[in-house]
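This report walks through one protein model, one region at a time. Please keep the sequence and the 3D view open as you read.

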Amino acid sequence: MVVIPGGVFTMGTDEPAIQQDGEWPVRKVHVNSFYMDRYEVSNEDFERFVNSTGYVTEAEKFGDSFVFEGMLSEEVKAEIHQAVAAAPWWLPVKGANWKHPEGPDSNISNRMDHPVLHVSWNDAVAFCTWAGKRLPTEAEWEYSCRGGLENRLFPWGNKLQPKGQHYANIWQGVFPTNNTAEDGYKGTAPVTAFPPNGYGLYNIVGNAWEWTADWWAVHHSTEEVHNPKGPSSGTDRVKKGGSYMCHKSYCYRYRCAARSQNTPDSSASNLGFRCAADASPELP
């Protein structure tokens with residue numbers, strides 16, 4: 001983990017790319033010092049947790065999870081006869097879970113350093129608790145994503161590819177039919193891939209969506225706040241950072257201010273997390 005020094009930042013944006021996501025209005029937010037995982041929780045990390053506790057994820061209990069169609073074998077696709085109406089590239093796959101990200105004929109043996117996927121919010125909280133950590137609040141997540149920069153689109157600045165270099169694992173090409181994988185990855189990348197941001201955090205945008213502690217709401221005031229924790233109740237939890245599936249034409253959510261939501265028991269082949277922890281009392 002790294003120490004994220006306390007401070008004040010401008011949260012949100014007044015030029016929202018996706019109106020319904022409630023990225024606006026901008027507001028001044030004060031955040032105390034805290035710890036944040038440098039990396040997304042990897043398959044190796046999660047396996048250690050499961051081996052230690054015998055934990056069974058919700059996707060395993062439910063018997064299926066959502067997988068992006070472009071990652072599936074023809075054999076698996078042939079067995080599926082339903083999809084998400086608004087997003088037909090999402091298919092419910094029987095036997096898809098963290099150990100089998102694209103269904104029963106897939107495994108993670110050569111992806112132990114990739115982010116764990118198919119973890120629900122509840123699964124993420126269980127891991128964090130076992131590790132003596134917690135999920136970051138949305139404000140903590142966004143503050144750490146910005147890496148000390150003010151009012152920038154991305155963790156490293158405003159240009160998506162400074163000097164032609166890839167800084168995140170997102171979709172290149174035409175979504176959802178053609179991913180050219182110019183950044184080197186069609187699916188997830190190792191959690192250590194790409195340059196870290198100013199706070200030393202890797203893959204804080206792109207790669208896998210990351211759960212936060214907050215309940216979802218879109219109505220924000222411009223009032224200056226200290227350590228906000230989101231609404232006291234809700235139906236969905238906030239996720240941040242976008243994933244390897246994000247493309248500007250459809251899901252321009254690999255920006256620090258961007259946000260989305262899922263129910264706490266949801267899981268998918270592009271959804272993971274990283275942990276935070278309270279700072280020790282001697283930190284400023």
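Ala 181 sits in the loop between S8 and S9. Helices (H or I, at least four residues) and strands (E, at least two) are DSSP runs, numbered from the N terminus. The phi of Ala 181 is near 55 degrees, a positive value in a residue other than glycine. Phe 194 is found in the loop between S8 and S9 as well. Its phi is near 70 degrees, again positive in a residue other than glycine. Most residues other than glycine have a negative phi, and most peptide bonds are trans.

Phe 194 is buried, at a relative accessible area of 15%. Buried means under 20% relative accessible area, exposed means over 50%, and partly exposed lies in between (1.4 Å probe, protein chains only).

## Basis of the model

This is a predicted model, in which local features need pLDDT of at least 70, side-chain atom pairs count only at pLDDT 80 or more, and totals for chains, interfaces and linings use all residues. Residues are numbered from 1 along each chain as its sequence is written, and side-chain values use heavy atoms, with hydrogens and water left out.

UniProt, in an unreviewed entry, places the feature "domain: Sulfatase-modifying factor enzyme-like" at residues 1-276. UniProt positions are given in the numbering used here, feature names are shortened, and annotations may be inferred rather than shown by experiment. Over residues 1-276 the chain is 14% helix and 18% strand. The end C-alpha atoms of that stretch are 8 Å apart.

## Two cis prolines

Where are the cis peptide bonds? One runs from Trp 24 to Pro 25, with omega near -5 degrees. Pro 25 belongs to the loop between strand S2 (7-11) and strand S3 (27-31). Another joins Phe 175 and Pro 176, with omega about 0 degrees. Pro 176 lies in the loop between strand S7 (173-174) and strand S8 (178-179).

The S2–S3 loop also holds Ile 18. Ile 18 is buried, with a relative accessible area of 10%. Not counting residues up to four places away in sequence, Ile 18 touches Glu 23, Tyr 252, Arg 253 and Arg 255. Contact means heavy atoms within 4.5 Å.

## Helix packing

Helix H1 (residues 43-53) packs against helix H4 (residues 121-130) at an angle of about 75 degrees. Their axes are 11 Å apart. Axes are lines fitted to C-alpha atoms, for helices over the stretch in contact, and angles run from 0 to 180 degrees between N-to-C directions. H1 and H4 are therefore roughly perpendicular to each other. Angles of 65 to 115 degrees count as roughly perpendicular, under 35 as roughly parallel, over 145 as roughly antiparallel, and the rest as oblique.

From H1, Asp 45, Phe 46, Arg 48, Phe 49, Ser 52 and Thr 53 meet Ala 126, Phe 127 and Trp 130 of H4. By class, this contact has five nonpolar, two polar and two charged residues. Ala, Val, Leu, Ile, Met, Phe, Trp, Tyr, Cys and Pro count as nonpolar, Asp, Glu, Lys and Arg as charged, and the others, Gly among them, as polar.

Helix H5 (residues 138-145) is largely enclosed by the rest of the structure, because eight of its eight residues are buried. Among them are Glu 138, Glu 140 and Glu 142. Gly 147 follows H5 and has a positive phi, near 60 degrees.

## Buried strand residues

Ser 65 is in strand S5 (residues 64-68). At 2% relative accessibility, Ser 65 counts as buried. Which side chain does Ser 65 join in a polar contact? It is that of Ser 267, at 2.7 Å. A polar contact is a pair of N or O atoms within 3.5 Å; within protein, one must be able to donate a hydrogen and the other to accept it, and residues adjacent in sequence count only if both atoms are side-chain atoms.

Trp 211 is in strand S9 (residues 209-215). Trp 211 is buried, with a relative accessible area of 0%. Its side chain reaches the backbone oxygen of Val 119 at 2.9 Å. Trp 211 and Lys 239 are 28 residues apart in sequence, yet 4.4 Å apart in space, C-alpha to C-alpha.
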